[in-house]
Amino acid sequence: MTQNGALNVAASSDIATTIHPYTNLKLHESEGPLVITEGDGVFVRGEDGRTYLEGLSGLWCVSLGFSERRLAEAAYRQMLRLPSYHTFNHKATDVGIELAEKLLSIAPVPMSKVLFVNSGSEANDTVVKLVWYYNNALGRPRKKKIISRTKAYHGVTVASASLTGLANNHRDFDLPIDRILHVDCPHFYRFGLAGESEEAFASRMADNLEQRILSEGPETVAAMIAEPIMGAGGVLLPPATYWEKIQKVLRKYDILLIADEVICAFGRTGEMWGSLTFGMKPDMITCAKALSSGYLPIGAVMISGMIYDALVKQSEKIGVFSHGFTYSGHPVTSAVALETLRIYEQDDILAQVRRVAPRMQAGLRRFADHPIVGEVRGIGLVGAVELVEDKATKAPFDPAVGAGAFLAKRALHHGLILRALGESIAFCPPLIISEAEIDLMLERFALALDDTLAMVRKRADESEAALAK
């Protein structure tokens, strides 16, 4: 759109040609897109001529900002040397092998092999198939159910969207598919009982998980998939002792743990992996997004030796392991991912996150006393501010008010891109952000938050006036 709000040529062409994910398609026909044309560090520039601070790293992924020349040069060099190849039928590329070695060397727990994919959705879709294949190899054809959690996000393919625990990802898509279960969302602020401690809440979550496993039959439950921090569900951190207690239940019933590290991996929490931050010891790990700083599509599934041995046994029986993608381990995306991992090490990105994260977390928590803020949560360089209509009762706004969406739009007006996850406003800036840029992000958010307060108060006054008539 132009600065005066009129649709320009590019926006009109977009409306005529493109379907946008996670967009009200009808509304898009009249509003059109914000067309982004350039990026520099933590900022992007729109075709409208304005510069925006990207507070969500694009989609949780542009960890090194929007102008890292080393990644562009790595792609260029690889394009000149070997622009494309595959990994089917005993083929490999040198750069893909090097990337697999590097991933295994930095894994949070010992892993045996890597299977490359092109996105987090493909990674989580793949683990569903691997869990089923694994249990068939072990002669356990009934042990196939996979546990996820309400409000989890694991992707949008048929299987990964079934794992996702958000209603709109299921509605009218005829999902979830069979053998996918959902258990409690471990959000203490929303679901903790009066007088209940975080530890007691975690115990209740683990007890409920065990009861669900027993009701389904442990011989039918194969795995549990979980994000260390629930991202698109609202940036929900696990309560104290949660993972210790959950993993104890899983081990008791021989149930695999799959860590979805698509958002958390590669420094977001201040550790290389969210699994390290929260003490998870997974049997499989999925990652994507920051693996290439979002510069090119790539993801990976890492599996333990126990699982790999079963895959070998079954593929020997069948004669082939019939899974993989044309672009699995693509040499250009592999080269960019490998260079990304080098930058994380050489620039000590973990030290950078640990240095600036306290500024962001302290800054966010200063909003806790705001009249329409219910909870502020976060760790490292990821966080969320949850809006509420009533702080005392935690009552959320009526969805018709659209408080979260309004705030995100006002943030855009003030030069800040954030994402409203319902009434939770998510923050996930590039890991290279400076303290001064964090301050700027928080200043612009504060303006949008006050705009939202003014809007809801005006609506409340109008409602009261209408009732008084």
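This is a predicted model: local features need pLDDT of at least 70, side-chain atom pairs count only at pLDDT 80 or more; totals for chains, interfaces and linings use all residues.
By the probe rule used here, there is one cavity of 30 Å³ or more; a cavity is a set of points on a 1 Å grid over the protein atoms alone where a 1.4 Å probe fits but cannot get out. The largest cavity comes to about 40 Å³, a volume being the space filled by probe spheres set on the points, with grid points joined across faces, edges and corners. Residues are numbered from 1 along each chain as its sequence is written, and side-chain values use heavy atoms, with hydrogens and water left out.

**Cavity and pocket**

- Lining the largest cavity are Val183, Asp184, Met205, Leu209, Met224, Tyr242 and Ile246 (lining residues have an atom within 4 Å of a point).
- Helix 9 (198-216) and helix 10 (242-252) each put at least two residues into that cavity lining; helices are DSSP runs of H or I with at least four residues, strands are runs of E with at least two, and both are numbered from the N terminus.
- By class, the cavity lining has six nonpolar residues, no polar ones and one charged (Ala, Val, Leu, Ile, Met, Phe, Trp, Tyr, Cys and Pro count as nonpolar, Asp, Glu, Lys and Arg as charged, and the others, Gly among them, as polar).
- The second largest pocket has a volume of about 1,000 Å³; a pocket is an open set with protein on both sides within 12 Å along at least five of seven lines.
- Of the 31 residues lining the second largest pocket, Thr87, Val114, Leu115, Phe321 and His323 are the closest to its centre.
- The lining of the second largest pocket splits into 17 nonpolar, 12 polar and two charged residues.

- Seven strands make an open sheet with mixed pairing, in the order 4-10-9-8-7-5-6 (two strands pair if DSSP finds at least two bridges between them).
- Strand 4 and strand 6 (180-183) sit at the edges with a single partner strand each, so one side of each has no neighbour in the sheet.
- From one strand to the next, the twist averages 20°.
- Strand 5 (145-149) and strand 7 (221-226) run parallel, joined by three bridges, and Lys145 has Val221 as its bridge partner in strand 7.
- Helix 9 packs on this sheet, touching strand 5, strand 6 and strand 7, and its direction makes about 150° with that of strand 6 (contact means heavy atoms within 4.5 Å).
- Helix 10 lies across strand 5, strand 7 and strand 8 (256-260), at about 165° to strand 7; angles run from 0 to 180 degrees between N-to-C directions, and axes are lines fitted to C-alpha atoms, for helices over the stretch in contact.

**The four-stranded sheet**

- Another open sheet has four strands in the order 1-2-3-13, again with mixed pairing.
- Strand 1 (36-40) and strand 2 (43-46) run antiparallel over four bridges, with Glu38 partnered by Arg45.
- Two residues separate strand 1 and strand 2 in their hairpin, where Gly41 takes a positive phi near 65°.
- Strand 3 (51-54) pairs with strand 13 in the parallel sense over two bridges, and Leu53 stands opposite Leu416.

**Helix packing**

- Helix 4 (69-81) and helix 13 (331-346) pack at about 145°, with axes 8 Å apart.
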